[in-house]
Amino acid sequence: MRLYRRDGPHPAPRHQRRPATPLPAHRRQAQHGAARPGERTPILLAARADDGTIAAQHAVPVDKTNEITVFGPMVDQISDSQVTGTVFTADQLHTQREHARYRHSRAAFFVFTVGGNQPRLFAAIDTVAWHLIGVEHATIDRGHGRIEVRTIRALPATPTIAGLFPHAAQVFLLERSIYTLDGEPLGAVAVLGITNLAPAQADPAALLAYVRGHWSIESLHWLRDAVLGEDDSRVSTASRAMTALRNLVIGLFRLAGITRISSQLRHNSRDPYRRPLLLLVPYQGTFAS
C-alpha cells in the first residue's frame, strides 16, 4: 500500500484485454500462506510515496484471517492529519467496497486497479467504448535495452459503475507496450482502474503517475529482501521487532537523502559503533556519497 499527499508530487482490443495480475506489493503475505509454529508472521505495510518511509504496519494472523481484514486496523494507526486528503494506492486484492467506504469516511482518496476479484466491476469498466476515446496522456521511457510506452484514457464513472463501487468518480484504461530499441514489439498489457478523485482533482497524467508510483513499491521489497536480508532472516520470535528496525533504517536513509543504501551499509560497517549513529545527526556531509 502506498500513500500520496495531494499537496505533494503530483487500449488493447477487448478480446486481448484481461484482468491484470494482482500487483505483488505484498508478496510476503500472499505467498507464505499460514505461518507454521516458529515461522515469521506476515506483515502488511503502508509506505509514504514522498519520502519512502513506513507509515504503519500490522501483523496478518493468516491462520485466522487474511490481509483484507487487517487493512482497517493498520490505517487506524495513522493520524487523521496524515490521512485526510491523502491518495491511497494498493494491490488489486484491496480493491474492495469496504476499503473504499473506509477511505471516504476519513476524507481520503483511492486509486485502484480492477481485476478478477471484482468480476462485475471489471466487466462494467471493460464494456466502456474505450476505442472511441483518444489517448489523453502518454509517457515514453527508454532503458534496460527496451522502450516502454504507457498511455491512459479516463472517463467519469457511469451510473452502472457507480452502483457497483462506492464513491466512484472516474474509471481509466492504462496500456503499456514494450518494444526493442529497434521498435520491434515485445509485449503489451492493459489495466483497468477506478478512483474517487474527480477529474478536477486528478487528470489522466496524475492517475498514470499514481499507478506507476505504486508499481515502484517493488523497489522497497527488493531493498528489504535483498539488501536487509528479510527473507533470509531466521528470527521468528521477534520478527515484528526486526521489521520495525528495518523500517527505522530505511526511514533514516530516505530522510537523509541517501539512495545508494547498499554502499551506505558498507560504509557504516567499517565503523559500526560510530557511523550508524551519525545518521541520527542532522548534519549534511556526514554521509558517504
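**Strand pairing and salt bridges**

Modeller: Val114 stands opposite Leu192, which is in strand 9. Keep in mind that this is a predicted model.

Colleague: OK, and how do strand 5 and strand 9 pair, parallel or antiparallel?

Modeller: Antiparallel, over four bridges, with strand 9 covering residues 185–195.

Colleague: What about strand 4 and strand 5, which way do they run?

Modeller: Those two run parallel, and three bridges join them; strand 4 is residues 86–89. Phe88 has Phe110 in strand 5 as its bridge partner. To get from strand 4 to strand 5 the chain passes through helix 4 (residues 97–105), and this β-α-β crossover is right-handed.

Colleague: How many residues of strand 5 are buried?

Modeller: Six of its six, so to speak the strand (residues 109–114) is mostly covered.

Colleague: And which residues point which way from strand 5?

Modeller: Phe109, Val111 and Thr113 go one way, while Phe110, Phe112 and Val114 go the other, and all are buried. Side chains in a regular strand alternate between the two faces of the sheet.

Colleague: Switching to charges. How many salt bridges are there?

Modeller: The count comes to seven. One of them is Asp80 with Arg106, where the closest N and O atoms are 2.7 Å apart. That pair links distant parts of the chain, 26 residues apart: Asp80 sits in helix 3 (residues 80–83) and Arg106 in the loop between helix 4 and strand 5.

Colleague: Are Asp80 and Arg106 buried or exposed?

Modeller: One of each. Asp80 counts as exposed because its relative accessibility is 51% and the cut-off is over 50%. Arg106 has a relative accessible area of 14%, so Arg106 is buried.

Colleague: What does Arg101 form a salt bridge with?

Modeller: With Glu98, again with closest N and O atoms 2.7 Å apart. Both lie in helix 4, three residues apart, which is about one turn of the helix. Arg101 is partly exposed at 37% relative accessible area, and Glu98 counts as exposed at 54% relative accessibility.

Colleague: Which residue does Arg150 meet in a salt bridge?

Modeller: Glu148, at 2.7 Å from N to O. Arg150 and Glu148 are both buried.

Colleague: Which residues are joined into one network there?

Modeller: Asp141, Arg146, Glu148, Arg150 and Arg212, through salt bridges that share partners.

How values were computed
Residues are numbered from 1 along each chain as its sequence is written. This is a predicted model: local features need pLDDT of at least 70, side-chain atom pairs count only at pLDDT 80 or more; totals for chains, interfaces and linings use all residues. Side-chain values use heavy atoms; hydrogens and water are left out. Buried means under 20% relative accessible area, exposed over 50%, partly exposed in between (1.4 Å probe, protein chains only). Two strands pair if DSSP finds at least two bridges between them. A crossover is right-handed if, with the strands pointing away from the viewer, the path from the first strand over the helix to the second runs clockwise. A salt bridge is a side-chain nitrogen of Lys or Arg within 4 Å of a carboxyl oxygen of Asp or Glu.
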